[in-house]
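Please walk through the packing of helices and aromatic rings in the model shown here. The account starts from a charge and a ring, then turns to ring pairs and helices.

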Amino acid sequence: MALVARQTTIDQDFAQLIDPYRRELYAHCYRMLGSVHDAEDQLQEVYLRAWKGHERFEGRSSLRTWLHRIATTVCLTALEKRERRPLPTGLGGPTGQPEAKLSATPEVPWLEPTPDRSVDPGTIVADRESVRLALVAALQYLPAQQRAVLILREVLRFSAAEVAEMLDTTVPAVNSLLQRARARLDKCLPQQENVRVSSVEQGELLDRYVAAFEDYDIGALTDLFTAEATFQMPPFATWVQGPEYIERLVRVQCPARRPGDLVLVPTAANGQPAYGMYLRDSEGTHRAFGIHVLTLEQERIGHCSVFFDPTLFPFFDLALTLDR
């Protein structure tokens, strides 16, 4: 009994010691892996490895540095067995035939959004807060080592020496990896004008967006998009650009056909406005259907990503069915 009590005390002390770093470690895993499912799984692996090794922690580096070294190692190992996670907009041009039959591609490991409550997404380049989801998508184009160095240096602000120790390499090697990562990211990350939208304007715009969807008013919906807006729907590889094509896509492909078929419940993902969308079934029950993540530009909606994956709803504390 004494041994059990001692072990329980050690476990509690360890949990209290590392709990302040949980969100930061989760965020690191998410940025590296681009998936809430994978990030949660690897965070558990980080905790397990840290728990097994914490008595051997010698304190030569800070606890934060030590934990991020473990997290980086875990993610790099995981990435050896995984393909990068793209968005449809990263796999080819927009379709000119949005009425064509959609074909899901579940074999593609699509990028996933993450709830704000789990992570403050942060930014790599100043004034690019409006492309946070695009930023995580762009990170997926970087080789794993470059991705790790860029995140550790420019998001988490570790020194080159600390990163070199984490990766068992040299400071010149870290600086070289960072330079190449920056150059590649500039090519992958969409360039967008940084236009601030006031909270009042944002609230009004989002209210109109929800009303248009729930009222099945497609004309009012497409009026809310910018001229270059994109609309994508993983796991479908098809995506469109421009209000005309968005209207044609929604009119033909959306399973809703009358007001009330869809209900949007507000949430937040990747530092952006988001909604859990519910579709009414034949029995009148609204069931989890997709997560909308919006990017606002110029008092309009510049991008809409709808993730048709009900397994994401619990991560956002959203019910799988609505009691209306």
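The charged end of R84 sits over the ring of Y141, 3.9 Å from the ring centre; a charge counts as over a ring if NZ of Lys or CZ of Arg is within 6 Å of the ring centre and within 35 degrees of the ring normal. The model is predicted, so local features need pLDDT of at least 70 and side-chain atom pairs count only at pLDDT 80 or more, while totals for chains, interfaces and linings use all residues. Residues are numbered from 1 along each chain as its sequence is written, and side-chain values use heavy atoms, with hydrogens and water left out.

Next come the aromatic pairs. Rings of Phe, Tyr and Trp (its six-membered ring) pair if their centres lie within 6.5 Å; planes under 30 degrees apart count as stacked, over 60 as edge-to-face and the rest as tilted. The count comes to seven aromatic pairs. One of them, Y26 with Y30, is stacked, at 6.5 Å centre to centre and 10 degrees between the planes. Both residues lie in helix 2, four residues apart, about one turn of the helix; helices (H or I, at least four residues) and strands (E, at least two) are DSSP runs, numbered from the N terminus. Y26 has 1% relative accessibility and therefore counts as buried, where buried means under 20% relative accessible area, exposed over 50% and partly exposed in between (1.4 Å probe, protein chains only). Y30 is buried too, with a relative accessible area of 2%.

The rings of F236 and F308 have centres 6.1 Å apart and planes at 75 degrees, so this pair is edge-to-face. The pair links distant parts of the chain, with F236 in strand 2 and F308 in the loop between strand 6 (300–307) and strand 7 (321–322), 72 residues apart. Elsewhere, ring pairs link Y209, F213 and Y275 into a cluster.

Helix 6 (residues 144–155) is mostly covered, with nine of its twelve residues buried. Among the buried ones are R147, L150 and E154. The cover includes helix 2 (22–33), helix 4 (63–79), helix 5 (132–139), helix 7 (160–166) and helix 8 (171–188), contact meaning heavy atoms within 4.5 Å. Just after helix 6, R157 takes a positive phi of about 65 degrees.

In helix 11 (residues 243–253), I246, L249 and V250 are buried. Seen down the axis of helix 11, its buried residues fall within an arc of 90 degrees, so they line one face of the helix; the arc is that of the directions from the helix axis to the C-beta atoms. What covers the buried residues of helix 11 includes helix 10 (218–222), strand 1 (225–233) and strand 2 (236–241).
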